[in-house]
Amino acid sequence: RVLVLIEAVLRRSVYLVLLQENPSTLRLVVDLCAASPWFADFLARQPSLLDELLDVTSLFTVPTPRLLAQELQQRLLRVPEEDVEQTMEALRHFKQASALRVAAQEVTGKLPLMQVSDQLTFTAEVVLQQVLRLAWHELGQRHGEPCDGQKPCTDFIIVGYGKMGGWELSYGSDLDLVFIYDAPFDGMTNGDKSIANSVFFTRLGQRIISYLNTVTAAGQLYEVDMRLRPDGAKGLLVSTLSAFARYQQEQAWTWEHQALVRARPIAGSKALSERFNHVRRQVLAQSRPLDTLRQEVVAMREKMRASLASKPRQRGEVEYFHLKQDLGGIVDIEFMVQFGVLAYAYQEQDLLTYTDNIRILDALREAGLMGANATRILADCYRAIRAVEHRQALQNQAGQVATDELQEQRQQVRAIWQDFMLS
């Protein structure tokens, strides 16, 4: 594994000198590559990150979101403000340096699983906030700001769903995002090259996706998935808050309300974030017929399993357990949590406070809506399976294990599913 890295830097003697003159860094590189092929491949693709290993104190410090934002700001100060290409490289280097730091802390046992996901999520939040600022500045210089006829309307938010919304990002996670704004649809921007507000916000969304998706010499920031927006892939790229609320109240499927359980504003206007959270609570706190809801959630789970779970093996083939999609896996736990919220939030508003599975399980237990033993088992199983998932990511392995692994956890999850969802 180390040879892969050495081969990658053979023509760049500065890195060989760096390793030769810093024996403690060389030792750390060997230890990290020994622990994780992901680490070796990552450094081979981006050897400039070797500089990040020189300061061990910084490498093994767990930064707060505020410190991460300051670090990114410092990096961007070295880049000319109008140089989009260099800015994109700086953003990618920041993200990669942060991922390197988290991985180093994880493989050396200095950072537990839940904090690993927190740190990767904090990094994505800081990047999204900065990308929004850059895209807004770029469009604002050209067209001015959206207006209601009198004053500027700057209410725009990026909403994170899925792993992003639930504080559960891993190293290769994509971002499930939805863009929402609140401004008069027929208003115009106040610049010399004025455009309709709706056009401004659509272009803003496109610029954000371009910043995140574009592959440069330093790779890609994040892959973006926008399919959870109203009307999915055929819907508008950005929605007004009123249109989003109307869709959720009148047209959304149950699975879209399940997705909303893990939705939260990531970047943008604080005022609009509060209004979005109010809409989310209203939608999720509706009273639903329990039997109908249970049938719809179970039917969707079975449909997903039919298309995404492990297929029956032919004779002689090794059988595997898919960590997410097979019976007793991660998605079964997620669906039980989402069912609990949709079924009982109308009577227990505390279920809507958090968007991550572990704290929602705590809320279900505290409200007496799921037994203390069941919620404890589900939380423990969730952590155990996700720990294996993370470990496999660092070993460059697919998200499945041999069937003799995690048997106890899978049986426990299946038993609780039978009791909570099918009884």
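Student: Which residues have the most contacts inside the largest nonpolar core?
Tutor: This is a predicted model, where local features need pLDDT of at least 70, side-chain atom pairs count only at pLDDT 80 or more, and totals for chains, interfaces and linings use all residues. Residues are numbered from 1 along each chain as its sequence is written, and side-chain values use heavy atoms, with hydrogens and water left out. A nonpolar core is a set of buried Ala, Val, Leu, Ile, Met, Phe, Trp, Tyr and Cys residues joined through side-chain atoms within 4.5 Å; buried means under 20% relative accessible area with a 1.4 Å probe, protein chains only. The largest core has 74 residues, and those with the most contacts are Phe156, Phe179, Leu204, Ile208 and Leu212.

Student: Which helix gives the most to this core?
Tutor: Helices are DSSP runs of H or I, at least four residues, and strands are runs of E, at least two, numbered from the N terminus. With 13 residues, the top contributor is helix 8 (residues 113-143).

Student: How many residues of strand 2 are buried?
Tutor: Strand 2 spans residues 175-181. Leu175, Leu177, Phe179 and Tyr181 point one way, while Asp176, Val178 and Ile180 point the other. Both sets are buried.

Student: In which sense do strand 2 and strand 1 pair?
Tutor: Two strands pair if DSSP finds at least two bridges between them. Here there are 6 bridges. Isoleucine 157 stands opposite isoleucine 180. The sense is antiparallel.

Student: What is the bridge partner of aspartate 176 in strand 3?
Tutor: Strand 3 (residues 224-225) runs parallel to strand 2, joined by 2 bridges. The partner of aspartate 176 there is aspartate 225.

Student: Which residue of strand 4 stands opposite phenylalanine 179?
Tutor: Strand 4 covers residues 238-240. Strand 4 and strand 2 pair in the parallel sense over 3 bridges. Opposite phenylalanine 179 is valine 238.

Student: Which helix supplies the largest share of the lining of the largest cavity?
Tutor: On a 1 Å grid over the protein atoms alone, a cavity is a set of points where a 1.4 Å probe fits but cannot get out, and lining residues have an atom within 4 Å of a point. The largest cavity holds about 50 Å³ of space, a volume being the space filled by probe spheres set on the points, which are joined across faces, edges and corners. Its lining includes Tyr161, Arg229 and Trp255. The largest share, 3 residues, comes from helix 12.

Terms used: Buried < 20%, exposed > 50% of the residue type's maximum accessible area, 1.4 Å probe, protein only. 1 Å grid on protein atoms, 1.4 Å probe; cavity = no way out; pocket = protein on both sides within 12 Å on 5 of 7 lines; lining within 4 Å.
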